[in-house]
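Hi there,

Here is the structure I promised to pass on. Have a look at it first, and then read my notes below.

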Amino acid sequence: MNWTLACLAADLVEDTPLGVVVEGIPVCLVRTGGEVFAVHDECTHEAVRLSEGDVVDGVIECWRHGSSFDLRTGAVLNLPAVRPVAVYPVREVAHDVEVDVGGA
């Protein structure tokens, strides 16, 4: 795996998405339920940043048209999106959050 620093662990607030760029790729990071998740920061329905959406119970909702995605699997949970969002391996090491954008 090719781990790259994405942010400091302290930058993540529970259930508040954070948009970052890792190796030129937009990534949405979310801490929820004691875990950290990383998904591609673009709704698969339309080019809208998921990091501007809401998180509830491990699900992120696109603010524009309401498509929801499972943060663990990237699965689409409702229309209008029909394709899953890419999920990236993520880990916390000491005070850092690292992502492997090549491991989607």
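Predicted model: local features only at pLDDT ≥ 70, side-chain atom pairs only at ≥ 80, totals over all residues.

The protein has ten strands and zero helices. With 104 residues, a compact globule would have a radius of gyration near 13 Å, and the 12 Å found here agrees with that. Along its principal axes, the C-alpha trace spans about 40 × 25 × 20 Å. Of the 104 residues, 42% count as buried.

Now to the charges. Side chains of opposite charge can pair when their charged atoms come close. The structure holds six salt bridges.

One network of salt bridges links Asp-41, Arg-49 and Glu-52. Within it, the closest N and O atoms are 3.3 Å apart for Arg-49 and Asp-41, and 4.0 Å apart for Arg-49 and Glu-52. Asp-41 counts as buried because its relative accessibility is 4%, under the 20% cut-off. Arg-49, at 41%, is partly exposed, and so is Glu-52, at 45%.

Another salt bridge joins Glu-46 and Arg-64, with the closest N and O atoms 2.9 Å apart. This pair links distant parts of the chain, 18 residues apart: Glu-46 sits in the loop between strands S4 and S5, and Arg-64 in the loop between strands S6 and S7. Glu-46 is partly exposed at 30% relative accessibility, as is Arg-64 at 45%.

Best wishes

Technical notes: Residues numbered from 1 in each chain as written. Heavy atoms only, no water. Helix = DSSP H or I, 4+ residues; strand = E, 2+ residues; numbered from the N terminus. Rg over C-alpha atoms; globule rule 2.2 N^0.38 Å. Buried < 20%, exposed > 50% of the residue type's maximum accessible area, 1.4 Å probe, protein only. Salt bridge = Lys/Arg side-chain N within 4 Å of Asp/Glu carboxyl O.
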